[in-house]
Amino acid sequence: FFFLMIRRPPRSTHCISSAASDVYKRQGYLRTSSARYAIDMENVDDKFVHLTNNAIQMYSDTYGSFEDGNQMSFNAFQNYLDEMHPDKRISVRSDMVPVMKSLAKRTILATRKKLSSSSSRKNSFEIFGYDYIVDQDFNLWLIEVNTNPCLEESSGLLKAIVPRMLDDAFKLTLDSAFPPLPQYGSRQKKYLVEGYEDDVNMW
C-alpha cells in the first residue's frame with residue numbers, strides 16, 4: 001500500500017496536516033508465499049513459508065506457480081475471498097482498505113513533528129510503502145513503513161501499477177510546480193491500469 005506525502009505551504013490541500021486523508025494510492029497489492037503457511041517445528045526455518053519478500057520468494061522452486069510474481073491485486077484478492085470465504089462477506093475496498101488508511105494516518109500523526117521539522121523540506125514530496133499482514137481472521141496488522149519502498153516491476157501487475165503510481169505522483173507534485181507546456185501534452189506516455197481511466201489520478 002503506497003502513501004504520498006507532499007510538503008507544501010499551509011494553505012495547500014496536500015500539506016502534512018491533511019495529507020493523510022488525501023493522497024493514498026487507490027490500488028495496492030498483496031504478496032503471497034510459495035509454500036502453504038503453517039506453524040510447526042518442521043518449518044520454522046523455512047523462509048518461503050514465513051517471508052513473502054520478492055527477494056526471497058524468487059528463489060523458491062514454486063515461485064509464481066500460484067500468482068504471477070507471487071502478487072495479487074485488490075480485485076484478485078476480492079475474487080479469492082468471494083470464492084473461498086463467501087460466508088465472511090468481506091469487502092477489500094469497504095472493510096480492509098479503510099483499516100489500512102486508518103493505520104497509515106496514525107503513523108503520520110505520530111511522527112508529524114519529525115516529518116515537518118526541517119524547513120529545507122518545504123515543497124518536497126516522499127512516497128512511503130506500507131506493509132501489512134492479514135491474519136487467519138482477516139484482521140490487518142501493520143508490519144512496517146518503508147521510506148524507500150521497492151518499485152521493481154517483478155510481475156505483470158507491478159509493470160502496470162508502479163509506472164502509473166509514479167507518473168500520477170509527478171502530476172501532483174512536479175507538474176504543479178512546473179506545468180507541462182501545452183504542446184507536449186499529447187506526447188505524454190499513457191500508463192494504462194485496468195479499471196481506471198487515463199485521466200484519473202490514482203492517488
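This is a predicted model: local features need pLDDT of at least 70, side-chain atom pairs count only at pLDDT 80 or more; totals for chains, interfaces and linings use all residues.
## The largest pocket

By residue class, the lining divides into 26 nonpolar, eleven polar and eight charged residues.

Among the strands, β2 (29–31), β4 (124–134) and β5 (140–146) each supply at least two residues. The helices α2 (47–50), α3 (54–57), α4 (74–84) and α5 (92–110) likewise each provide at least two. The largest share, six residues, comes from β4.

## Helix α5

Helix α5, one of the elements that supply at least two residues of the pocket lining, has 19 residues. From its first C-alpha to its last, α5 reaches 26 Å, close to the 27 Å expected at 1.5 Å a residue.

The buried residues of α5 are Val92, Met96, Val97, Met100, Leu103, Ala104, Thr107 and Ile108.

## Salt bridges in helix α7

The structure holds three salt bridges. In one of them, Arg164 pairs with Asp168, with the closest N and O atoms 3.0 Å apart. Arg164 and Asp168 are separated by about one helical turn, because they lie four residues apart in helix α7 (residues 156–172). Both Arg164 and Asp168 are buried; for Asp168, the relative accessible area is 0%.

Lys171 takes part in a salt bridge with Asp167, where the closest N and O atoms are 3.6 Å apart. These two residues, Lys171 and Asp167, are four residues apart in helix α7 and therefore about one helical turn from each other. A further salt bridge joins the side chains of Lys171 and Asp168, at 3.9 Å from N to O. Here the spacing in helix α7 is three residues, so Lys171 and Asp168 are again separated by about one helical turn.

Lys171 has a relative accessibility of 30% and therefore counts as partly exposed, a class that lies between the cut-offs of 20% for buried and 50% for exposed. Asp168, in contrast, is buried.

## The network as a whole

Arg164, Asp167, Asp168 and Lys171 are linked in a network of salt bridges.

Technical notes:
Residues are numbered from 1 along each chain as its sequence is written. Side-chain values use heavy atoms; hydrogens and water are left out. Ala, Val, Leu, Ile, Met, Phe, Trp, Tyr, Cys and Pro count as nonpolar, Asp, Glu, Lys and Arg as charged, and the others, Gly among them, as polar. The expected span of a helix is 1.5 Å times one less than its number of residues. Buried means under 20% relative accessible area, exposed over 50%, partly exposed in between (1.4 Å probe, protein chains only). A salt bridge is a side-chain nitrogen of Lys or Arg within 4 Å of a carboxyl oxygen of Asp or Glu.
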